[in-house]
Every structure is written in C-alpha cells, then in structure tokens.
Amino acid sequence: MQQNLYFGLLFKVLYYSIGQGKMDRAAKVKKYRRSMMKQRYKSRQQIFGFTEERFRVWLLASGVLAAGAVLALLVMLRSKNQVSELTYVTQKEFASLMCFLEEDSLLKQWQEEPEQAVTRGQLKDFIQKIGLSGAVFVTGGSKKIEREAFMDYYDQILDYMDLSGAVEKKTILLMEQDGNICHTQDGEYILNIDSIRFEQFYTYDTYVLDHTILGVRRQSDKTIALRNVSVSQADGERLDFEYHKKEYQILCDNIEELSGRADGTLCIKAGRVTKVKDLKAVKGEGGAGTKQAKQSSLTQSDTVKVLLLNQGAIHYKQIYLTCDGACILKKSRTNKKYKASELMNVKKLKIKKGRYIVVEPSGDDARLYLTDKNGSRLSKGYYGSFIIYKDSEGYYIVNKVNIEKYLYSVVASEMPASFGLEALKAQAVCARSYVYRQMEKGDYEAYHAQIDDSTNYQVYNKSDIHELDLEAVKETAGEVMYSQKEIVNAYYFSSSCGYTSGMEIWNQEEVYPYLKAKSLIVTEKGDFDLSSEKAFRKYISSTKKRSYDSSSKYFRWEAVAEPSACLKEIKQRIQQRDKINPQNFTYYSTTGKSEKKVASLKGFGGIIDLSCSKRSKSGAILELTIEFEFGKVKIKSEYNIRSVVGCALEKITYADGSVDRSAEFVPSAYFSISFHKNSRRFELAGGGNGHGMGMSQYGAAGMADDGWDYKKILKFYYDGVTVKRITG
C-alpha cells in the first residue's frame with residue numbers, strides 16, 4: 001500500500017510537471033503570435049499609412065469589390081446562357097424540327113436529354129437512320145454542332161424528305177411573347193421550344209409548320225416594314241404606336257418629335273425604329289405630325305446618298321483614297337487637312353465599329369478617288385463627300401453628292417455621247433426622275449444610303465464625263481416627268497427588238513399607267529400583237545421593218561444553249577431566284593397519271609425541253625416552262641427567265657457578227673426557242689437588250705437622229721406625262 005502511494009505521488013508530480021510544461025509552450029506560442037501580429041500591423045502603418053480605422057475601411061472595400069466581382073461573374077454566366085440559346089440546337093429543338101416526318105420511333109430518344117446540344121455524331125446517326133447518308137454528309141464526333149451549320153444540314157434534309165413543302169421558312173418580327181405564344185407582324189405563332197426566348201422587336205429566321213415555330217435558324221439583321229401602324233407620340237428616343245389593336249412602345253433613332261395621332265409605316269431593325277414612312281395625320285387629330293408627314297412624302301432633297309459597291313459586294317477590307325484638291329477629314333470632333341493627292345489610309349485612321357469618318361473636298365469642283373496603296377487611281381472622280389462607316393464585316397462607303405453632279409456621271413455611264421444632245425437630255429430627265437423615286441424607298445437605309453452605283457439602280461461613275469453630258473444635265477436642270485402630281489418611275493433599258501412592254505414582263509399589275517407597250521417600227525401605225533408563237537417567230541426572223549433602234553448590235557441576236565450540261569447550275573439558279581421571287585415559280589410532279597403541284601423540283605431528274613408557255617403582245621416571254629424527266633417548272637418575270645436560261649448559254653452571235661462565248665445572262669426575254677436535233681442544242685432567236693420597259697436608249701438615239709427633241713422622245717415612251725421642274 002505504501003508502495004502504491006509512492007507511485008501515485010510520483011505520477012501526479014510527473015503529470016503536473018508535464019502538463020505545466022505544455023501550458024507554458026502553448027502560452028509562449030500564443031504570445032509569439034500576438035507579437036508577430038503587432039509587428040505586421042505596425043509595418044502596414046509604416047508602409048501604407050494604415051490606422052486601425054483605415055484598415056477596417058480597407059476590409060470593407062475589399063468585400064464590396066469581391067461582391068461586385070461575384071455579381072459580374074453571375075451576369076456573365078447569365079449572358080453566356082442567353083447567347084447559348086441560339087448558339088447550338090438542343091435535342092428538344094431537333095425533335096421539333098424533325099416532327100414533319102411523323103415517325104415517333106425516330107424522335108423518342110431526343111426527349112431523354114432535351115436541353116443537351118446536338119452533336120455531329122448524333123446528327124450523323126439520325127441521317128443514316130432516315131436513309132440519307134449517301135446524300136447528306138456529316139462528319140461524326142462528339143463535338144457540338146453550331147446552329148448555322150446544323151440548319152444547313154436541315155435544309156438538305158427538307159429538300160429530300162419534305163416533298164410537300166409543309167415546313168416553311170418565315171422571317172418574323174417579334175412584337176410580344178406570352179409564354180409560347182409569339183405575336184408577330186403576321187399574326188400569332190406557337191413556339192415549340194420552351195428554352196428559346198425572343199427579344200421584343202427583333203427579327204428571326206424561323207421554320208414554321210401550320211403556324212407553329214419548329215425551330216430558329218438565326219436572329220436576323222433584316223429591316224421589317226410594319227405597315228398600317230397608328231403612331232400616337234414620339235419624343236426623339238421612344239415612339240408609341242398601335243398595331244392590330246395592341247399598344248406598344250419602342251426605341252427609335254433620329255425620329256423628330258411627334259404629337260397627336262398619325263398612320264403610316266415603321267421600319268424596324270434590332271429592336272428600334274430606324275425610319276417612319278408615309279405618315280399621314282388622322283383627321284380630327286389637330287394636324288398630328290405635320291412636320292414628320294412632310295418629310296415622309298416624296299423628298300425634294302438636292303443630294304443623294306450612293307452606296308459604292310466593291311465589285312458587287314458592300315464591304316471593303318481596306319480603303320485608300322485621294323483628292324485632286326485640298327480636303328478635310330472629319331473624325332468625331334477632330335478635323336484634319338489633307339493636301340491635293342495626299343494618300344489617306346483608312347485602316348490607319350482606326351475607326352471604331354459603329355462609327356464613321358467624313359472626307360470633304362474644300363472646293364466644289366474637287367473630286368475624290370479610290371486608289372491602291374501606292375495612290376494609283378482605281379476609280380473615276382467622285383463629286384461630293386465620302387462617308388466611310390465601319391461595322392463587324394468591314395468598311396463601306398457612301399458618296400453624298402448633289403443630284404445634278406450625280407447625274408453628270410450617270411448620263412455619261414448610261415449613254416454614249418455619240419447618241420447626240422437630245423437623246424442625252426432625254427436620258428438626263430429619265431435619270432433625274434428615277435433617282436427621286438428611288439430615294440424614297442429606303443432600300444439601303446441599313447447602310448445610311450438610298451441607292452447603289454450598279455445596274456440595280458443606275459450605273460454611276462463608270463465612264464468619263466463628256467462635255468455633252470454636262471450640257472444635257474445643265475440644260476434640263478431640275479426637270480423631271482410628272483404623271484398628274486406624282487414623279488414618274490422612269491424605267492429605261494438599252495435597246496428593243498422593235499417593241500417595248502409594260503409591267504406584265506415582271507408579272508405585276510400595270511400600276512403605272514404611263515408604262516405601255518410601244519412599237520418602235522418607224523412605218524408602223526395602229527395596234528400590234530406578237531403574243532402567238534407563229535407571229536413572233538415570223539417577226540423576229542425578219543429585219544425588213546426599220547426600228548428606231550435598228551442600229552444596235554442587240555437588235556437581233558442568236559444564241560445556243562445546252563441545259564443538260566449544266567443541270568446542277570440551273571437547279572441552283574432556280575432555287576436562288578425562287579427564294580427572292582417565290583410567286584414567280586410553280587412546280588409540278590409528272591410521275592402520276594396527272595400533274596400534281598409540289599413545293600420544289602426535288603427528284604425531277606434531267607431536263608427534256610424548254611418552251612414558251614405564254615408571251616406578251618409585244619413578244620416578250622411571260623412564262624417559260626422547263627420540262628424535266630419527272631416534273632416541270634413554270635417561271636415568270638423576265639429577269640428570272642433570262643437568269644435561268646443564261647446558265648445554259650454556250651454562245652451569243654449579235655447582229656454585227658460579234659460572238660460572245662462567256663455570257664451568263666440572256667440579253668432579253670424577247671426570243672423564240674427551238675431544238676436542233678443534230679447538234680442536240682436549243683437555239684434561241686431574239687432581239688433587244690435589257691428588261692424592255694420604258695425608254696429604249698438606242699431608240700431615243702434613233703429618234704434624235706430623225707429630228708425629235710427630248711420632250712417629244714419622253715412623251716412617246718411615257719404616256720400622258722408632263723416635263724417640268726421639280727416642285728418643292
């Protein structure tokens with residue numbers, strides 16, 4: 001027991017001694033840490049001037065910054081999610097797009113992971129299941145397929161599988177979205193995909209089946225004209241309007257203040273109103289919008305804005321230019337002077353996207369030139385100023401120029417000076433009337449322009465200006481043609497086969513009473529009719545009758561076409577033109593006992609025959625029939641006919657004996673068609689060059705040679721018009 005007591009005392013001594021030692025070490029560590037904290041705090045004060053209060057402020061600020069960073073990250077992630085809605089196609093949207101197949105077994109698997117993006121491998125497997133692996137080629141893999149690429153494949157699937165054309169392509173303007181109900185400019189549509197939300201007043205290219213939106217190809221950059229709108233107020237930034245008995249408010253650009261109610265058209269793009277057109281005050285509304293209404297009527301501006309195309313394209317990657325006199329470059333709020341012939345490199349000016357610069361010659365007669373990087377001129381000289389814009393695709397140029405100076409170059413580019421002064425004066429009045437009408441349309445509003453410099457409108461600045469061109473414009477200064485109180489839409493073309501046409505050549509009603517079919521045969525008086533094949537063939541094969549434009553090499557021509565050698569190109573051209581003018585193309589399947597109207601020429605096979613199925617009284621083909629092995633297509637409108645048949649041209653021989661083997665466009669729609677059995681080619685016998693409506697330029701020259709003055713020439717081609725100076 002004594003021994004146990006001894007060991008117990010020894011244990012307690014050891015326990016307390018060891019425990020006390022531990023406590024001493026812990027206390028020392030704690031003391032050391034406190035001293036280090038004090039030293040660090042003192043060093044912070046010495047280095048940063050921190051006091052305890054300042055340190056607390058610093059901690060608070062750090063917290064705020066951290067919270068801001070987290071918030072920004074959340075916004076970024078949310079934005080990323082929103083973008084991804086139209087970056088990829090989900091499996092649910094895929095199933096929606098393919099529902100026209102009506103095969104549930106093929107679509108069930110796509111409901112298992114509805115929000116997952118479709119991969120290339122999945123699309124490839126599906127195409128194999130529906131039997132199109134030999135026609136639609138998709139490279140496999142687990143990589144997500146981007147929306148635009150997916151929709152290209154989808155279009156191919158539709159071509160092969162949607163023979164009835166049930167799925168339609170529609171561009172919609174989203175007015176309002178209520179759940180899955182989309183109110184658009186064309187009425188209500190049901191959106192089949194929950195994950196997609198449209199932005200109000202934005203346009204979208206969609207695929208539609210029976211007023212149900214199956215899927216979305218892209219957010220579109222098209223401008224939609226919203227007609228029959230009742231505008232109640234505009235304050236320069238926002239505009240209130242009523243459409244289909246619903247009221248809306250939308251942002252607007254550069255629209256003048258408006259009070260009271262007026263009816264008109266709104267041009268909408270990317271969520272904003274870019275232009276108000278044809279605005280008329282509602283009676284009893286106190287003269288609402290009179291200032292805007294005046295602006296919306298036919299503009300009497302003395303300047304025109306011309307988009308200068310880059311070999312048919314809008315954008316330039318780089319621009320160099322000079323001026324033959326001193327000029328000023330305006331960028332933001334800064335101006336820079338350039339000497340005559342001093343080279344401007346636009347890329348070095350560092351224009352930001354969405355911004356522009358202005359280049360103005362110092363003198364009225366100085367002209368601007370597009371050049372290469374060495375300053376060598378690539379263009380004729382331009383009067384007026386250049387406004388150079390930059391967007392995501394590159395640069396584009398708008399030439400803002402006085403209309404009379406614009407006409408100097410149009411007359412020079414459209415008609416040779418050798419045609420004589422009176423013909424040139426007629427051309428000047430036509431061109432002036434035409435540009436005033438085109439300026440109102442707003443076709444190039446998205447590019448801050450009104451027209452372009454190509455044959456889409458009037459050829460501009462492609463030829464040197466002759467003294468007679470200047471004289472013709474100056475002697476008719478300000479003169480246009482009026483039909484009643486409206487400026488005439490003065491269409492004109494190169495030369496006829498002896499007759500001109502009205503609006504029927506474009507498959508349109510004759511909305512312009514002054515555009516009538518005319519005979520240019522010098523000795524012919526009274527009515528004429530070349531609508532039968534027999535009558536036209538007899539006329540076109542003879543040159544005995546003298547026409548006012550008989551001197552043109554295009555007055556008669558012969559062409560050889562071989563469509564079977566370019567079947568793919570012809571089908572592609574038909575599809576391209578059909579997208580632009582769907583009302584002018586009709587397809588029929590001939591595989592059954594009777595013809596059946598179908599949505600496209602898919603499966604039609606090779607070309608058997610070309611024929612004219614309808615001709616105008618002046619001889620132009622109004623409807624061309626192309627017969628295939630298993631179908632046929634009827635094509636209307638002269639441009640479509642000339643474009644499609646042009647794919648098959650091998651050569652054209654003109655009246656002067658010259659031969660063109662590179663032509664890709666038939667000169668006019670005034671031609672007969674016959675098949676040569678030995679050569680296995682189609683032979684065309686035709687005449688004229690151009691659309692054939694309005695004034696024949698060669699005809700005007702012939703009339704001037706016969707002593708006609710320009711007003712008599714114009715009144716011949718345009719029924720019932722008066723020539724007078726434009727009214728303000």
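Helix α12 gives the most residues to the lining of the second largest pocket, eight in number. The model is predicted, so to speak of local features requires pLDDT of at least 70 and of side-chain atom pairs pLDDT 80 or more, while totals for chains, interfaces and linings use all residues. Residues are numbered from 1 along each chain as its sequence is written, and side-chain values use heavy atoms, without hydrogens and water. **Pocket**

The second largest pocket has a volume of about 1600 Å³. Of the 32 residues in its lining, Asp-159, Lys-169, Gln-575, Asp-578 and Lys-579 are the closest to its centre. A pocket is an open set of points on a 1 Å grid over the protein atoms alone, where a 1.4 Å probe fits, with protein on both sides within 12 Å along at least five of seven lines; lining residues have an atom within 4 Å of a point. Grid points are joined across faces, edges and corners, and the volume is the space filled by probe spheres set on the points.

Two or more lining residues come from each of α6 (147-161), β1 (168-178), β4 (203-209), β5 (212-220), α12 (567-580) and β25 (585-589). By type, the lining of this pocket holds nine nonpolar, eight polar and 15 charged residues. Here Ala, Val, Leu, Ile, Met, Phe, Trp, Tyr, Cys and Pro count as nonpolar, Asp, Glu, Lys and Arg as charged, and the others, Gly among them, as polar.

**Overall content**

The protein has 15 helices and 35 strands. These are DSSP runs numbered from the N terminus, helices being H or I with at least four residues and strands E with at least two. Of the 728 residues, 45% are buried; buried means under 20% relative accessible area, exposed over 50%, and partly exposed in between, with a 1.4 Å probe and protein chains only. Among contacts between residues at least 6 apart in sequence, 62% join residues at least 24 apart, a contact being heavy atoms within 4.5 Å.

**Sheets and strand pairs**

An open sheet of seven strands runs in the order β14-β13-β16-β18-β19-β11-β20, with mixed pairing. Strands count as paired if DSSP finds at least two bridges between them. Within this sheet, Asp-391 stands opposite Gly-394 in β19. Helix α8 (residues 403-414) lies across β11 (303-308), β19 and β20, at about 105° to β19. Axes are lines fitted to C-alpha atoms, for helices over the stretch in contact, and angles run from 0 to 180 degrees between N-to-C directions.

A second open sheet has five strands in the order β31-β30-β24-β33-β32, with antiparallel pairing. The edge strands here are β31 (659-660) and β32 (671-676), each pairing on one side only. Helix α11 packs on this sheet, where it touches β32 and β33 (681-686), and its direction makes about 90° with that of β32. Ile-652 stands opposite Asp-660 in β31.

| Strand pair | Bridges |
|---|---|
| β27 (607-615) and β28 (621-628) | seven |
| β18 (385-391) and β19 (394-402) | seven |
| β25 and β29 | five |
| β28 and β29 | five |
| β30 (649-654) and β31 | two |

The β27-β28 hairpin has five residues between the strands, and one of its residues, Gly-619, takes a positive phi near 105°. A further hairpin, formed by β28 and β29, has two residues between the strands. Strand β29 (residues 631-636) is mostly covered, with five of its six residues buried. Its residue Gly-631 is the bridge partner of Ser-589, and Lys-632 is that of Glu-627.

**Single residues**

Most residues other than glycine have a negative phi. Ala-270 is not a glycine, yet has a positive phi of about 50°. Ala-270 sits in the loop between β9 (258-269) and β10 (272-281), and is partly exposed at 39% relative accessibility. Asn-507, also not a glycine, has a positive phi of about 55°. The loop that holds Asn-507 lies between β23 (492-493) and α11 (533-540); at 35% relative accessibility, Asn-507 is partly exposed.

Gln-177 is in strand β1 and is buried, with a relative accessible area of 14%. Leaving aside neighbours within four places in sequence, Gln-177 is in contact with Cys-182, Leu-191, Ile-196, Arg-197 and Phe-198. The C-alpha atoms of Gln-177 and Leu-191, which are 14 residues apart along the chain, are separated by 9.4 Å.
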